[in-house]
Number of protein chains: 2
Amino acid sequence: MTADARPAATPLTERQEARRRRILHASALLAGRGGFEAVQMREVAEAAEVALGTLYRYFPSKIHLLVATMQDQLQHLHATLRKRPPAGDDASQRAAETLMRAFRALQRRPHLADAMVRALTFADRSVSPEVDAVSRLTTAIILDATGLEHPTPEQLSAVRVIEHTWHSALISWLSGRASIAQVGIDIETACRLIDLTAGPERA
Amino acid sequence: MTADARPAATPLTERQEARRRRILHASALLAGRGGFEAVQMREVAEAAEVALGTLYRYFPSKIHLLVATMQDQLQHLHATLRKRPPAGDDASQRAAETLMRAFRALQRRPHLADAMVRALTFADRSVSPEVDAVSRLTTAIILDATGLEHPTPEQLSAVRVIEHTWHSALISWLSGRASIAQVGIDIETACRLIDLTAGPERA
DNA sequence: CGCTAATCTAGAACAAGTTACAGACTTGGT
DNA sequence: ACCAAGTCTGTAACTTGTTCTAGATTAGCG
């Protein structure tokens with residue numbers, strides 16, 4: 001349902017594409033120091049050398065902007081992960097390994113993680129399509145990691161739970177209520193569902 | 001770690017306690033229509049017949065206020081649930097049943113749920129103690145439901161994942177990206193972990 | 001080229017969370 | 001009953017997300 005996202009509207013000229021990039025870059029830069037609060041629309045506009053009104057034309061709210069930033073970062077991550085697939089013995093190990101790798105990437109830029117994840121979970125209905133795109137990307141990353149060609153419905157349910165756990169555990173970590181180790185445990189616990197919900201499934 | 005919460009500061013006189021109640025009541029009322037955005041600090045102050053500065057003395061931010069509102073509502077829920085414990089055969093069924101009951105309660109006041117859950121996941125470090133209190137309450141509710149007297153570490157991990165799933169699934173539901181049925185499936189899927197992570201554990 | 005519609009810019013204006021402050025009211029101790 | 005300290009009220013100011021507007025620029029097209 002609703003298979004495609006934004007890009008169907010207008011093809012975007014070259015200069016527009018460049019503006020969009022500059023904005024996303026500025027967003028990630030400001031988020032990188034200071035996190036969610038440091039991404040101030042006026043500053044993003046200035047850093048991207050774009051008028052405030054233009055920024056709002058490209059991204060109708062701060063949340064839209066940060067969710068788009070996350071989508072952008074996730075795509076990089078997905079590409080990176082594809083190059084070195086996880087090496088675990090079973091699907092759950094591979095999923096956990098991949099998420100832990102992603103987690104370590106986030107740990108290197110905790111403020112950026114803060115901005116993106118907070119925006120993602122704070123988003124209301126007006127951002128649904130964009131959040132959904134991020135969610136599909138995340139699902140794809142996890143499914144890719146498992147190496148499962150034809151996941152059962154149970155395994156898809158397990159992936160949903162893993163994704164929930166992933167987001168929520170990140171939130172706990174970002175707000176200082178869970179340690180890095182605890183996030184690791186939570187991810188591994190959730191990942192067990194993949195193998196437990198179906199019969200044996202070896203590589 | 002950090003076992004106790006706010007109430008250690010000052011005992012609060014009767015009138016102060018009354019003010020606090022009025023504020024929480026006003027908060028829940030406004031949240032009940034309109035959700036997160038409808039809880040405007042000026043309006044809360046007016047509805048609670050309290051000056052804006054006073055509101056901020058009691059709750060240092062809108063997020064603090066809404067998290068406290070959630071804590072308040074959860075306590076009611078906990079008391080209600082205790083009266084009619086779940087009747088499932090095993091721990092995971094009872095946990096799922098309890099969470100579904102809580103979910104139905106939230107469905108009756110979706111706007112209130114929106115305000116509380118969005119605040120909870122948006123909270124930053126400055127609200128950690130309060131969010132932690134809510135988290136402990138939630139854990140207690142789930143553990144109560146399972147009926148487990150001495151949960152194993154694995155089961156505690158499972159409860160953590162269930163809690164993550166609970167919060168994140170609520171978020172998806174509130175932003176219209178997951179159906180009620182889907183939330184139910186996710187909850188049940190996560191709850192399976194309780195039985196799967198330990199040996200047989202019957203009532 | 002020259003026109004027209006769309007886009008972009010600069011900047012003001014508005015909304016809601018948050019802070020600050022002066023003066024009135026309460027409280028607790030004597 | 002009186003005083004000092006702390007609290008509450010009413011209100012203005014400040015911050016940052018968001019909207020609006022008038023004029024400049026750009027893009028596409030004949």
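**Close-up views of a predicted model**

**View 1. A:Pro110 and its place in chain A.** In this predicted model, A:Pro110 is found in helix 7 of chain A, a helix that covers residues 110–122. With 13 other C-beta atoms within 10 Å, A:Pro110 is partly exposed, because a residue is called buried only if 20 or more such atoms lie within that distance and exposed if there are 12 or fewer. A:His167 stands 57 residues away from A:Pro110 along the chain, and the C-alpha atoms of these two residues are separated by 14 Å.

**View 2. Helix 1 against helix 7 in chain A.** The axes of helix 1 of chain A and helix 7 of chain A come within 7 Å, and they cross at roughly 115°. On the side of helix 1 of chain A, the contact is made by A:Ala28, A:Ala31 and A:Gly32, while helix 7 of chain A brings A:His111, A:Leu112, A:Ala115 and A:Met116. Divided by class, the residues of this contact between helix 1 and helix 7 of chain A are 5 nonpolar and 2 polar, with no charged residue.

**View 3. Helix 9 and helix 10 of chain B.** Helix 9 (residues 153–174) and helix 10 (residues 180–196) of chain B have axes that come within 8 Å and cross at roughly 170°. Helix 9 of chain B is therefore roughly antiparallel to helix 10 of chain B, since angles over 145 degrees are counted in that way. Among the residues that meet here are B:Val161, B:Ile162, B:Trp166 and B:Trp173 from helix 9 of chain B, and B:Val183, B:Asp186, B:Ile187 and B:Leu193 from helix 10 of chain B. The contact of these two helices of chain B divides into 13 nonpolar, 2 polar and 1 charged residues.

**View 4. The contact between chain A and chain B.** In this interface, 28 residues of chain B are in contact with 28 residues of chain A. On the side of chain B that touches chain A, helix 7 (110–122), helix 8 (128–146), helix 9 and helix 10 of chain B each supply at least two residues, and helix 9 of chain B gives the most, with 10 residues. By class, this side of chain B has 11 nonpolar, 10 polar and 7 charged residues.

**View 5. The two copies laid on one another.** The same surface serves both copies, as 100% of the contact residues of chain B recur in chain A.

**View 6. The surface near DNA strand C.** Of the 19 residues around DNA strand C, those that come nearest are A:Ala51, A:Gly53, A:Thr54, B:Gln40 and B:Ser61. Helix 1 (14–32) and helix 4 (52–58) of chain A, together with helix 3 (41–47) and helix 4 (52–58) of chain B, each supply at least two residues of this surface, and its largest share, 4 residues, comes from helix 4 of chain A. The surface near DNA strand C divides into 6 nonpolar, 8 polar and 5 charged residues.

**View 7. The surface near DNA strand D.** DNA strand D is surrounded by 19 residues, of which A:Gln40, A:Ser61, B:Ala51, B:Gly53 and B:Thr54 are the closest. Two or more residues of this surface come from each of helix 3 (41–47) and helix 4 of chain A and helix 1 (14–32) and helix 4 of chain B, and helix 4 of chain B gives the most, with 4 residues.

Terms used:
Residues are numbered from 1 along each chain as its sequence is written. Chains are lettered from A and ligands numbered from 1 in the order in which they are written. This is a predicted model: local features need pLDDT of at least 70, side-chain atom pairs count only at pLDDT 80 or more; totals for chains, interfaces and linings use all residues. Axes are lines fitted to C-alpha atoms, for helices over the stretch in contact, and angles run from 0 to 180 degrees between N-to-C directions. Angles under 35 degrees count as roughly parallel, over 145 as roughly antiparallel, 65 to 115 as roughly perpendicular and the rest as oblique. Two residues are in contact if their C-beta atoms, placed from the backbone, lie within 7 Å. Ala, Val, Leu, Ile, Met, Phe, Trp, Tyr, Cys and Pro count as nonpolar, Asp, Glu, Lys and Arg as charged, and the others, Gly among them, as polar. A residue is near a molecule or strand if its C-beta atom, placed from the backbone, lies within 6 Å of it.
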